[in-house]
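Hi,

Here is the structure I promised to pass on. Have a look at it first, and then read my notes below.

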Amino acid sequence: MKILVCVNHVPDTTTKVNVASDNISLDVNGVNFILNPYDDFAIEEALKTKEKFGGEVVVVSLGGDSHKETLRKSLAMGCDRAVLLKDSYSRDSFSIAFAISEFAKSYSPEIIFIGKQSIDYDNSQMCGLIATFLGWQSVSVVVKFAIEGNSVIAEREIEGGHEIVSAKLPAVIAAQKGLNEPRYPSLKGIMESKRKPIEEINPEQCANKINVLRMRKPTAKQKGKIVGTDISAVPELIKLLHEEAKVI
Amino acid sequence: MKILVFAEQRDNCYKKTAFEVSQAASKIAAKLNSEVIALTIGENISSIAPQLGNYGIKKVIVVNEPRLKNYSTSAFTSIVNQIVEKENVSVIFLPASSMGKDLAPCLSAKLNAGVASDCTQLKVEDGKIIATRPVFSGKGFLDLEITSEKKIFTLRPNVFTISQTTTELATVEEFKPQLEEKNFSTIVTEVKQSSSKKDVTEADIIVTGGRGLKSPENFAMIEKLADTLGAAVGASRAVVDAGWRPHDEQVGQTGKTVSPSLYIAVAVSGAVQHMAGMSTSKYIVAINKDKDAPIFSIADYGIIGDAFEIVPAMIEEINKLK
Ligand SMILES: Cc1cc2nc3c(=O)[nH]c(=O)nc-3n(C[C@H](O)[C@H](O)[C@H](O)COP(=O)(O)OP(=O)(O)OC[C@H]3O[C@@H](n4cnc5c(N)ncnc54)[C@H](O)[C@@H]3O)c2cc1C
Ligand SMILES: Nc1ncnc2c1ncn2[C@@H]1O[C@H](COP(=O)(O)O)[C@@H](O)[C@H]1O
């Protein structure tokens, strides 16, 4: 089975967010980038699928040279080959998904695994976009996954429960935490990943559909009120919630 | 320019987001002098549709289709697409719920439309819709416009507050979509309710417990406070990882993003990844014995003290209001 997994290179979760001088993007000075946490689950599921059905796992990322770091980690975890769709231009979800789906057409995998969300711009759009560009099915926010015949049987998280979804292959599957326990790269994997080449391809172009006007930091909340330092403050707190905030 | 609202229902009941999105879209439509219609898809749902009139919708298109009792990504995408063509819709508003977030990118690719996901604010400037959306887990906000001819916005639940402005009812128009076998390539075969309890993403009040509660048994007091307030119980990742609470209660970066009117964090330190999921709550209350806990930096009201004394006292005090 030919399996494709998409990974993104994102600021780690503790990043202090500052706005760059262009007023529309993140100031990347001093920011530590990591493999998008949800993509760990996508890689793990791709590797498990290969272990079950045989084949190969190709990992792809669209971005600048810095994305190679994340591709190396994916190789170290066990992906067979890595492809960088090299582009420094800042694309929106539509444009990234378009380029990835064009690449997918040339590789023609039977299934694509991605993360449910990139923790940079939190778009959660890639799954439906790539699938629709390819004329495939998609299942988002997946916490359980199996292939039965020519269908995917998956469980996706919804408000207050789960949906059991049956989708015909080929399909794009977006991994949510809980799907599996991602493996750590082995020492052997890390050594091998250093030797494996990362193929560079020029991605297809596609105009953005989103125009960012400005990026800003949240307006700092007024310093909150410490109502008290022990149990005697409780009546005052409840009174404030009832009369001032009017939320209870 | 016509605006379409995707009004989500489950089990023949509108989700609160259906009203939120209807009202937010109606306000935008008024500013743009354009028409706004809604679409509801389900098995037998014509009777619930008129109430959307209360939130500014004049006409609701309903699709009654036995095969669509449950959600289907492929069939819903096709139906919305057919409505967009038939009605010549140029802007679509959906809730940023699990359904809306699943549907929006499929429509985006089909309609060549840009999507602004999970918007927390909308306004009209120079005849254009400007959306604000949180990025980097709420540590930043983008103001953006969609430049494609067709435009899609998903709205974060609980952020766009509703007020029933009229008692008017919407007219209901039934639509029979063209559906082929292939439109059912993805189907939901079963919906498993985790329990009858309230989901954190839909709750108006959330009481969240953290590791400072020391054991799963001590969550009894959190549940009691939640019951007293008609609230949902939330959890930090530390307590979910410890197996004290189920993952569907987790709030934060790797859990759920919530925006209730009142968020009470009990014995939660307020790690950035936790705050990522709740910083847009309207009012935040922190109960923590450490005066330097980061949660106090975003709390509107705080008590520095022992949760084991304060929570029971809160329950007692709230009961006095009743
Ligand atoms: C990639 C990544 C993703 C993550 N995603 C999430 C996420 O989605 N959600 C999330 O919550 N975390 C997430 N985390 C974890 C996060 O960093 C914190 O570890 C976690 O939120 C801490 O949980 P806590 O506040 O319950 O525990 P602690 O940080 O241990 O805090 C316990 C608090 O209880 C207080 N306390 C103790 N006893 C009492 C008492 N008797 N009365 C009152 N207060 C008391 C203490 O002062 C302390 O502030 C993530 C981390 C990473 C790296
Ligand atoms: N630049 C990119 N290159 C490759 N995959 C990506 C890229 N951006 C996002 N993805 C994939 O799409 C998923 C969802 O991202 P998003 O829709 O941007 O929130 C991520 O978890 C990745 O698997």
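In this predicted model, an N or O atom in the side chain of B:Q273 sits 2.7 Å from an oxygen atom of ligand 1; that is a polar contact, meaning a pair of N or O atoms within 3.5 Å (within protein, one must be able to donate a hydrogen and the other to accept it, and residues adjacent in sequence count only if both atoms are side-chain atoms). B:A267 uses a backbone N or O atom instead, 3.1 Å from an oxygen atom of the ligand. On B:D306, a polar side-chain atom is 2.9 Å from a nitrogen atom of ligand 1.

Which chains surround ligand 1? Residues from both A and B do, so the site is shared between chains. Being near the ligand means having a heavy atom within 4 Å of it.

Now for the two chains themselves. 85 residues of chain B are in contact with 72 residues of chain A, where contact means heavy atoms within 4.5 Å. The rule finds 6 salt bridges across this interface, each a side-chain nitrogen of Lys or Arg within 4 Å of a carboxyl oxygen of Asp or Glu. One of them joins A:R214 to B:D143, at 2.5 Å from N to O.

Some housekeeping: residues are numbered from 1 along each chain as its sequence is written, while chains are lettered from A and ligands numbered from 1 in the order in which they are written. Local features need pLDDT of at least 70, side-chain atom pairs count only at pLDDT 80 or more, totals for chains, interfaces and linings use all residues, and side-chain values use heavy atoms, with hydrogens and water left out.

Cheers
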